[in-house]
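Here is a brief report on one protein model.

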Amino acid sequence: MKLLVDSGSTKADWIAIDEKGKVLFTTQTLGLNPEVLSKEEVIERLNDKFDISHNKAKATHLFFYGAGCGTDRMKDFLTEVFQGYFKNAAVTVHEDTYAAVYATTPKNEQAIVSILGTGSNCSFFDGKVLHQKVQSLGYIVMDDGSGNRFGRHLLRAYYFNKMPKDLAIEFSDEYNVDPDYIKQNLYKEHNPNAYLATFAKFIIKHKEEEFCKKIILKELNKYAKNYIMQYDNYKEVPVHFVGSIAFYLKEELTQVLAKHGITIGNVLRRPIDGLIAYHIVNK
């Protein structure tokens, strides 16, 4: 049994397949970002799902693609945790961009592959190897165009009284905006980046409002300039996207990229289904 996992900071999609590619089960855990979780917290999230804990001895392979796995230290950390948990499985840990590449890019083709979800990332795939110009320093410093960045903008606008009154009333009705509650989630709870990203639904819902539209276009423009345009051939190859922000803001994303002469390619909300096809072909 092969386990295929696509993990962001918010959630992780799991699919178990047999040797013929038949789906045995699917499930979802909380995100397994090694930059913000301890070994004990990772194991707790695995144990929380019956399908995973009950079948862990049956797994022969685990292919994990995750946010926060861009450095050898984080890959080694998760590999060790998974090998201790799935004792009979060969474990492979990749950064989440590889899942995006395998799901969106035809074999041997070149493309720039981007992730726009809770966080953000961008790499160039030369048909065989992934190249990255920007090393992520995490959500506090980077993550332009991401869900957590939009959440940050909304909270600041609300508390600095910059949000239009009607939107501010709806925002306070929809979310707990008590300052102690917000600070607890930002500074004392796990995954503050995922917490910030929960507010992105609001800006997507109101994306036609001038206030929201301005924030969206500004953030996506920063993403294009700071990430995509790092690559000299950004006008020559398609730019594929994976992630909920890219999926639900595809129209705005296309508009921003067109201004820079960038061709948008495939846009998927999540890459897990494409990973099944990839691993069937590449047994």
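This is a predicted model: local features need pLDDT of at least 70, side-chain atom pairs count only at pLDDT 80 or more; totals for chains, interfaces and linings use all residues.

Glu219 sits in helix α10 and Arg149 in helix α5, so the pair ties together parts that are 70 residues apart in sequence. Both Glu219 and Arg149 are buried. For Glu219, relative accessibility is 1%.

Glu219 also forms a salt bridge with Lys222, at 3.2 Å from N to O. These two residues are three apart in helix α10, which means that about one helical turn separates Lys222 from Glu219. Lys222 is partly exposed, at 25% relative accessible area. Another salt bridge pairs the side chains of Lys213 and Glu208, at 3.8 Å from N to O. Lys213 is partly exposed at 28% relative accessibility, and Glu208 is exposed at 52%. A network of salt bridges links Lys11, Asp13 and Arg270. The structure has eight salt bridges in the count.

## Pocket and cavity

The largest pocket holds about 1,100 Å³ of space. Its lining has 49 residues. Nearest the pocket centre are Gly8, Ser9, Gly117, Thr118 and Gly119. Strands β1 (2-7), β2 (11-17), β7 (120-125) and β8 each give two or more residues to this lining.

The largest cavity has about 50 Å³ of space. Its lining consists of Ser120, Asn121, Cys122, Gln132, Val134, Ser136, Met142 and Tyr227.

Thr79 belongs to helix α3, residues 72-85. Its relative accessible area is 18%, under the 20% limit, so Thr79 counts as buried. Beyond neighbours within four places in sequence, Thr79 contacts Val91 and Val93.

Asn233 lies in the loop between α10 (210-226) and β9 (239-242). Asn233 is buried as well, with a relative accessible area of 16%. Residues up to four places away in sequence aside, Asn233 touches Gln110 and Phe124.

## A nonpolar surface patch

Leu137, Ile140 and Val141 make a nonpolar surface patch of about 340 Å². Where does Ile140 lie? Ile140 is in the loop between β8 (130-131) and α5 (147-159). Its relative accessible area is 65%, over the 50% limit, so Ile140 counts as exposed.

How values were computed
Residues are numbered from 1 along each chain as its sequence is written. Side-chain values use heavy atoms; hydrogens and water are left out. Patches are made of residues with over 30% relative accessible area and no salt bridge: like charges are joined within 9 Å, nonpolar side chains (Val, Leu, Ile, Met, Phe, Trp, Tyr) within 5 Å. Accessible areas come from the Shrake-Rupley method with a 1.4 Å probe; for residues, only the protein chains shown count as cover. A salt bridge is a side-chain nitrogen of Lys or Arg within 4 Å of a carboxyl oxygen of Asp or Glu. Helices (H or I, at least four residues) and strands (E, at least two) are DSSP runs, numbered from the N terminus. Buried means under 20% relative accessible area, exposed over 50%, partly exposed in between (1.4 Å probe, protein chains only). Contact means heavy atoms within 4.5 Å. On a 1 Å grid over the protein atoms alone, a cavity is a set of points where a 1.4 Å probe fits but cannot get out, and a pocket is an open set with protein on both sides within 12 Å along at least five of seven lines; lining residues have an atom within 4 Å of a point. Grid points are joined across faces, edges and corners, and a volume is the space filled by probe spheres set on the points.
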